[in-house]
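Please look over the sequence and the model shown here before reading the notes that follow.

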Amino acid sequence: MNVGDRVRLMSGREEGIITRILDNNIVEVAIDNDFTIPVARREVVVIAAEENKYMRTDAVIEAPTRKQPPAPVLSEKGIYLAMVHQAEELLAATIVNNTDYDVLFTAGEERNNQYRGLKNDKLAPKATYVIAHYHLKDFEKWPGLVVQFLQHRNGAPSLFEPVTKRVQFRANSFYKSKKTAPVLNKEAYLFQLDTKPTTIDTSKLQEQLTETPEQTIANYKLQAPDHKVDLHIEKLTEEHQTMSNSTMLKLQLETFQNALDRAMAANMHEIVFIHGAGNGVLRKEIQKILSRTPGIKFYEDAQKEKFGYGATLVRLK
């Protein structure tokens, strides 16, 4: 008896799908894709695939319909989050490892900036792992999913950076993401978790470890930022549609701080940050940081005729 099995309650005719194994004797069953209940294992029986297909008395013979074109098959190697139909309204959030590497992962939910761990394990190459189940009727209440993972293979020539990926589900992009998932070979709403895999250059890492402090400072100073830094989220990442507001703000502030630090290290006289007007949250956070940063001569709204209150000019000492 496993997660995803279709079962029948022995005390009645109700059928459902196992969504969680709560302990050795209790399972959680989604009944008619509408509600979930805890049930003792002894009170349910797994429905054989053949019975489900041929023996159900409530089966409905559907009229022929126009054949829909199949979803595109995705064959690219990578690590994916696939939302796979277990029933018409019930989806299984599944991690898919379509690589030649082992993947060590943890997965959890994020609601209102509160994190709750769900699963952790090692996923072999060309393997999958179900981390949670969600009902489509509750789509607007779905949490964001956070997956952290590290790729590894004995004897591999590359050392991979650990990756943290947040997936925030939005209706306008979710329903456009349907593809045939690799490994599973089933239609799913598919999100790639390693769109920009990063490996560590061990030779460069060794060089950095042997640098003197003076060399490190010299190399750091060479990386001066542009005079104008655009912090609009669409300029920073192509994945902004799947990000929560707090995640977007965090990325914008990290980009701002990085550019400010490099501008000061490069002895720049001034720098302009284009943050947009919007609701003013990013502007307030930037100016809060500037107010407590040493080395700032002053800051002010920049080029109001062009940006309104959507840019801040920073003069450096």
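**Briefing: a helix pair and its surroundings**

The axes of helix 6 (residues 245-265) and helix 7 (residues 281-291) come within 11 Å of each other and cross at roughly 35 degrees, where axes are lines fitted to C-alpha atoms over the stretch in contact and angles run from 0 to 180 degrees between N-to-C directions. Helices (H or I, at least four residues) and strands (E, at least two) are DSSP runs, numbered from the N terminus. This is a predicted model, in which local features need pLDDT of at least 70 and side-chain atom pairs count only at pLDDT 80 or more, while totals for chains, interfaces and linings use all residues. Residues are numbered from 1 along each chain as its sequence is written, and side-chain values use heavy atoms, with hydrogens and water left out.

- Contact means heavy atoms within 4.5 Å, and helix 6 contributes Leu249, Gln252, Leu253, Phe256, Gln257 and Leu260 to it, while helix 7 contributes Val281, Leu282, Glu285, Ile286, Ile289 and Leu290.
- The residues of this contact divide into nine nonpolar, two polar and one charged, where Ala, Val, Leu, Ile, Met, Phe, Trp, Tyr, Cys and Pro count as nonpolar, Asp, Glu, Lys and Arg as charged, and the others, Gly among them, as polar.

**The two sides of helix 7**

- Buried means under 20% relative accessible area, exposed over 50% and partly exposed in between, with a 1.4 Å probe and protein chains only; the buried residues of helix 7 are Leu282, Ile286, Gln287, Ile289 and Leu290.
- Seen down the axis of helix 7, these buried residues fall within an arc of 155 degrees, so they line one face of the helix; the arc is that of the directions from the helix axis to the C-beta atoms.
- The cover over the buried residues of helix 7 includes helix 6, strand 19 (296-301) and strand 20 (311-316), whereas Lys284 and Ser291, on the other side of helix 7, are exposed.

**Two loop residues**

- Threonine 237, in the loop between helix 5 (233-236) and helix 6, counts as buried at 14% relative accessibility, and, leaving aside its neighbours within four places in sequence, is in contact with Met243 and Leu251.
- Glutamate 140, in the loop between strand 10 (127-135) and strand 11 (144-152), counts as exposed at 70% relative accessibility.

**The chain as a whole**

- The chain holds eight helices and 20 strands, and 37% of its 317 residues count as buried.
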